[in-house]
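Here is a short report on one protein model. Keep the sequence and the 3D view open as you read.

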Amino acid sequence: LYEISDNITSGEWVGDCFLYCNSSGRLNYSVGGKIQTLVHLDTNSSGATTHRILGYLAKEDRVYLVDKSLNIVSYKIMLAVLQYQTAVMRGDFDAANELLAVIPEAEYTTIARFLESQGFKEEALEVTTDDDHKFDLSLELGKIAIAHGLMEEIPPDEKNSIDTMAKWKKLSDAALKISDFELTEACSLASDDFPGLLLLYSAVGNFDGMEALAAAAQKKGKTNVAFIAYLLTGNVEACANLLIDTNRLPEAAFFARTYLPSRVEEIVSLWKADLSKVSETAANALADPKSSPDLFPDLDVALQVEQMFLAQREATKATGISASDYPTAKDDLELDLIALVKSQAVAAPPPPPPPAPPAPPAPPAAPPAPPAPPAPPSDEPPENPFAAVDDPVDDAAAKAAQKAEADRRAREAAAAAERRRAEAEAKRLAEEAAEAARLAAEEAAAAEAAHLAAEAAAAEAARIAAEEAAAAEAARIAAEDDDLNDFGDDW
C-alpha cells in the first residue's frame, strides 16, 4: 500500500494504477507510489479544479473528465504504458519487456524518462529514441563513445548551433575526466573552446598545437587567448603585431621596451601619431630612442640581449627544452640579462695587439735620381700623409679577437648553467638527507615510546597479578577462620 499526500477530488483505478484529479487542477496518476502528472487542468478564480473523472476506456486508451458546465474532455494515456510502468515498479522486467513490444515507438521516450526517474538508466538508454536524452544518459553512464557517435551524426546545418556547441563542451569535459586527451582536443576544436585548448596544450606541452591555437584564436577574434599562446611559444613579434592591430599602442610600446627594443622607435611613432589626434602636447611628450637617447639607458645592451634571445629561440625551436630541465632552467627566469652582459663586457680583458710583421730587408742603394721638374699647380687639396690605411692583418686579428670573446662568453654561460645545476642537485640531496634523518629520528622516538608503553603495561599487569594473589590469600584465610568458627558452633 502507498499513501498519497494530496487533496484528491476524484479518481479511478486502472489495474494497479490510480488516476486522480487534485484540488490544484492537475490530472495525475500514481504507480507504485510514484506520482506522474499527465496534464494541468483549468481552474476557477480561486485556483480550485472544476473537473471530475468520469472513467477510463481501455479500448480507446483515454481518460474522460467533465467540468461543472458539463463539458466533457478526454486525454490519451495508453493502458500498455500504465501496465509497463506497473511491471517495472513490481520488478517484473520479463513482463515489462513483453509489454514493451506492443507499445508504439512514439511512447518510448516517455517510457525512458520513467525508467530514468526510477534509477534504471541503463535500460532507459536502450529504450529512448530521443537523441538529446540518449546523449545526456550516455554522459551520465560514462559511455563516451556513444555520446561521441551521436555528435558525429549531427546534420551539417546544426553543427554551428548553440546547443551543438554546448554538447561538444560537455563531451570535452567528460573526456578530460578520463584523460582521453585526443577526444578532448577534437571536441574543443569542434566547439571553438579556445580557453580549453590553451589549458590542454600548455599542460601537455603541445608546441605545434599552441602555434595553431594562436593563429585560430586571432582569426576568430579571441585576441586574449592568441596573445597568451604567442607569448608561450616565444613569438614576441606576433605579440607586438597583435597589440598594434588591436590599437593597443601603449601596451605595444611597453611590450617592445621589454622584449623587442629594436621596434621601440617604430611603435612609439605610431603611438604619437594616434595620440596627436587627441592631444598634440601629449604626443610630443612621448620620448623615443632617436630623439631622447639619454632616457633609454643600456639600449645597445638590450639590443644584444634581444639577438641572444632570438638566437636561443631558433636553436631550441626544433627540439624544445626537456621538462626534466625545469629545476635548473627556472632560475634563468630571474636573471638580469642586461646586467649580466654588462658585467661580462667589463670583466673581459682587452684583446692583445696583433704581432708586428717582420721588417723587409733594405733594398740596395740606387743611384741618385735627377731632380724632378716642379709639378704644375693643381686645384685638388694635398693628400693627408696621416690618413688611416686599412690593414687586412688588423681586420683579421680583430675578427679573431671577437670570435674568441664570443667563445669565452659562451663557455662562461655554460659554466654558470652547469654551476646552477650542480647547486640545485646538491640542495636536493641535502634536503633528501635531512628528510631521511628526520624520518629516522621519528621512527626511533616511536620505537622508544612503544618500549616504554610495553614496560608500563608489564608493570601494570604484575601489579594486578599481585593484588589478585593477595586477594586470593585473604579469601583463603577468611575461609579457614569460618571453618574453625563453624566447627566450634557444631561442637
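## Strands and hairpins

Strand β6 and strand β7 (residues 72-76) run antiparallel and are joined by five bridges. In this pairing, R62 stands opposite K76 in β7. The hairpin of β6 and β7 has four residues between the strands, and L70 takes a positive phi near 65°.

Strand β6 (residues 62-67) also pairs with strand β5 (residues 51-57). These two run antiparallel as well, with six bridges between them. Here I53 stands opposite L65 in β6. The hairpin of β5 and β6 has four residues between the strands, and D61 takes a positive phi near 55°. In a regular strand, side chains alternate between the two faces of the sheet.

## The whole protein

The model is predicted. The protein holds 19 helices and seven strands. It has 491 residues, and 26% of them count as buried. Its accessible surface comes to about 32700 Å². Carbon and sulfur atoms make up 58% of that surface. Among contacts with a separation of 6 or more, 35% are between residues 24 or more positions apart.

## Helix α13

Which residues of helix α13 (residues 249-259) are buried? They are L249, A252, A253, F255 and A256. Seen down the axis of α13, the buried residues fall within an arc of 165°, so they line one face of the helix. The face turned away from this buried side carries the exposed residues F254 and T258. What do the buried residues of α13 pack against? Their partners are α11 (223-232), α12 (236-245) and α14 (264-275).

## Aromatic rings

A pair of aromatic rings is described by the distance of the centres and the angle of the planes. A search of the whole structure finds six aromatic pairs. The table gives two of them.

| Pair | Centre to centre | Angle between planes | Type |
|---|---|---|---|
| F18 and Y20 | 5.7 Å | 20° | stacked |
| F255 and Y259 | 4.7 Å | 35° | tilted |

F18 is buried, with a relative accessible area of 15%. Y20 is buried too, at 0%. Ring pairs link W13, F18 and Y20 into a cluster.

The other pair in the table belongs to helix α13. F255 and Y259 are four residues apart there, so about one helical turn separates them. F255 counts as buried, because its relative accessibility is 8%. Y259 counts as partly exposed, at 38%.

One ring has a charge over it: the charged end of K167 sits over the ring of F135, 5.7 Å from its centre.

Technical notes. Residues numbered from 1 in each chain as written. Predicted model: local features only at pLDDT ≥ 70, side-chain atom pairs only at ≥ 80, totals over all residues. Heavy atoms only, no water. Buried < 20%, exposed > 50% of the residue type's maximum accessible area, 1.4 Å probe, protein only. Arc of directions from axis to C-beta. Contact = heavy atoms within 4.5 Å. Areas by Shrake-Rupley, 256 points an atom, 1.4 Å probe, with all protein chains shown as cover. Pairing = 2+ DSSP bridges. Phe/Tyr/Trp six-rings, centres within 6.5 Å; stacked < 30°, edge-to-face > 60°. Lys NZ or Arg CZ within 6 Å of the ring centre and 35° of its normal.
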